[in-house]
Amino acid sequence: MADPARARKLAVRIRQIVSAAIETQVKDPRLGMVTVTDARVTSDLREATVFYTVYGDPTQVEDSAKALASATGVLRSTVGRQTGVKFVPTLTFVADHVPDTARELDAALERVRHADAELARIRVGARYAGDADPYRRPPEDDDEDDAAEDRSDGGTADDMADEPTQRRSVS
């Protein structure tokens, strides 16, 4: 197991070497506008995965993948000469879909911005559907006032039944 920092440094160096070699050494006509976005090396420094993007339609992406697969030997020997490591890692090329995902997210954010602007336009001059005071309050009835007066006069029949009688007869 190699040091993780060494693996990261080797990955960065492989990315630089492969991107330069694609521009100068690979003369395959199938190769489109390829950009090397990242490289990752396993912790034992035996395998390297190189991520790339291709500008163009899906047929150009497929053709570029075939061209990179056929140029893997040339690129690996170039990496071996320029890095000087004892064992040159095997190269695996993987199409990177991060830019496509980023474009889709940008389009979704733009749709949301337009929807927010439309909502703000509709909101201008709008008012609430209900009353100004949205809380429900019990209606104030005159019956409650009458009941309160009855209780102050001596109470209701139920109240009178609960009270003990204190009548004394005068003799």
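The model is predicted, so to speak of local features takes a pLDDT of at least 70, and side-chain atom pairs count only at pLDDT 80 or more, while totals for chains, interfaces and linings use all residues. Residues are numbered from 1 along each chain as its sequence is written, and side-chain values use heavy atoms, leaving out hydrogens and water.

Let's start with α1, the helix at residues 4–24 (helices are DSSP runs of H or I with at least four residues, strands runs of E with at least two, numbered from the N terminus). From first C-alpha to last, α1 reaches 30 Å, close to the 30 Å expected for its 21 residues at 1.5 Å a residue. Its buried residues (under 20% relative accessible area with a 1.4 Å probe, protein chains only; exposed means over 50%) include Leu10, Ile14, Ile17 and Val18. Looking down the axis of α1, the buried residues fall within an arc of 140 degrees, so they line one face of the helix.

Now for the largest pocket. It is lined by 16 residues, and Thr53, Val54, Tyr55, Asp100 and Arg103 lie nearest its centre. Which element gives the most to this lining? That's β2, with 4 residues. β1, β2, α2 and α4 (98–123) each supply at least two.

Conventions
The expected span of a helix is 1.5 Å times one less than its number of residues. The arc is that of the directions from the helix axis to the C-beta atoms. On a 1 Å grid over the protein atoms alone, a cavity is a set of points where a 1.4 Å probe fits but cannot get out, and a pocket is an open set with protein on both sides within 12 Å along at least five of seven lines; lining residues have an atom within 4 Å of a point.
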